Amino acid sequence: MNPRVVSFHYTLKDKEGNLIDSSEGSHPLSYLEGTGQIISGLEDEIKSMNSGDKKIISVDADKAYGQKNPELVFDVPKSQFPEDEVLSVGMMFQTDEPDTVYTITEIKGETIIVDGNHPLAGVDLVFDVQIVNIRTATDEEVSHGHVHGEGGHHHH
Ligand SMILES: [Zn+2]
């Protein structure tokens, strides 16, 4: 049997209750089960849920974006950045390495501190989830490894 396609609305907060992200006001998020499209700690809990169900799901950092890796925090001399770039804390940029986004976390004179960890690394997450729809994936979706239609990939 094909895996399920799950569509859900969510509000994501940290343990202190600060809002991180929410699908409210836009399309629900849809994913194909078993493809790693959402974090494993969340998918594990949703597996036992049905359409219409609501649940508060806590996912520790280990099962979400992992712990912060101190080796991804660097001091970079300001001279290594393009001269015309106005640098500020929170600015994100990529290097030659794919899949790593660095964020400027501190500016100390001529030294720029950058952090290549995921912004949510080390953060324990609390999801307020409501399942909107669950259906069986089509053969085409299974072979493509992603969801088609609303909330899915429209072009590939
Ligand atoms: Zn496709």
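Visitor: What is the relative accessible area of Asp124?

Guide: Asp124 comes out at 26%, so it counts as partly exposed. Buried means under 20% relative accessible area, exposed means over 50%, and partly exposed is in between (1.4 Å probe, protein chains only).

Visitor: Where do these values come from?

Guide: This is a predicted model: local features need pLDDT of at least 70, side-chain atom pairs count only at pLDDT 80 or more, and totals for chains, interfaces and linings use all residues. Residues are numbered from 1 along each chain as its sequence is written, and side-chain values use heavy atoms, with hydrogens and water left out.

Visitor: OK. Which side chain meets Asp124 in a salt bridge?

Guide: Lys15 does, at 3.5 Å, N to O. A salt bridge here is a side-chain nitrogen of Lys or Arg within 4 Å of a carboxyl oxygen of Asp or Glu.

Visitor: What does the pair tie together?

Guide: Parts that are 109 residues apart in sequence. Asp124 lies in the loop between strand 8 (111–115) and strand 9 (125–136), and Lys15 in the loop between strand 1 (4–14) and strand 2 (19–22). Strands (E, at least two residues) and helices (H or I, at least four) are DSSP runs, numbered from the N terminus.

Visitor: Is Lys15 buried or exposed?

Guide: Exposed, because its relative accessibility is 52%.

Visitor: Which residues are in a salt-bridge network with Lys15?

Guide: Asp60 and Asp124 are linked with Lys15 in that network.

Visitor: How many salt bridges are there in the whole structure?

Guide: Eight. Among them, Lys63 meets Asp44 at 3.4 Å, N to O. Lys63 sits in the loop between strand 4 (54–59) and strand 5 (73–77), and Asp44 in helix 1 (residues 40–46), so this pair joins parts 19 residues apart in sequence. Both are partly exposed: Lys63 at 45% and Asp44 at 37%.

Visitor: Which residue pairs with Lys68?

Guide: Asp115, at 3.2 Å, N to O. Lys68 is in the loop between strand 4 and strand 5 and Asp115 is in strand 8, so the pair ties together parts 47 residues apart in sequence.

Visitor: Is Asp115 buried or exposed?

Guide: Buried, at 9%. Lys68 is partly exposed, at 46%.

Visitor: Why do such side chains pair at all?

Guide: Side chains of opposite charge can pair when their charged atoms come close.

Visitor: New topic. What domains is the chain divided into?

Guide: Domain 1 covers 4–65 + 122–144, and domain 2 covers 70–115. The bounds come from an automatic or database domain assignment. Their centres, taken over C-alpha atoms, are separated by 32 Å.
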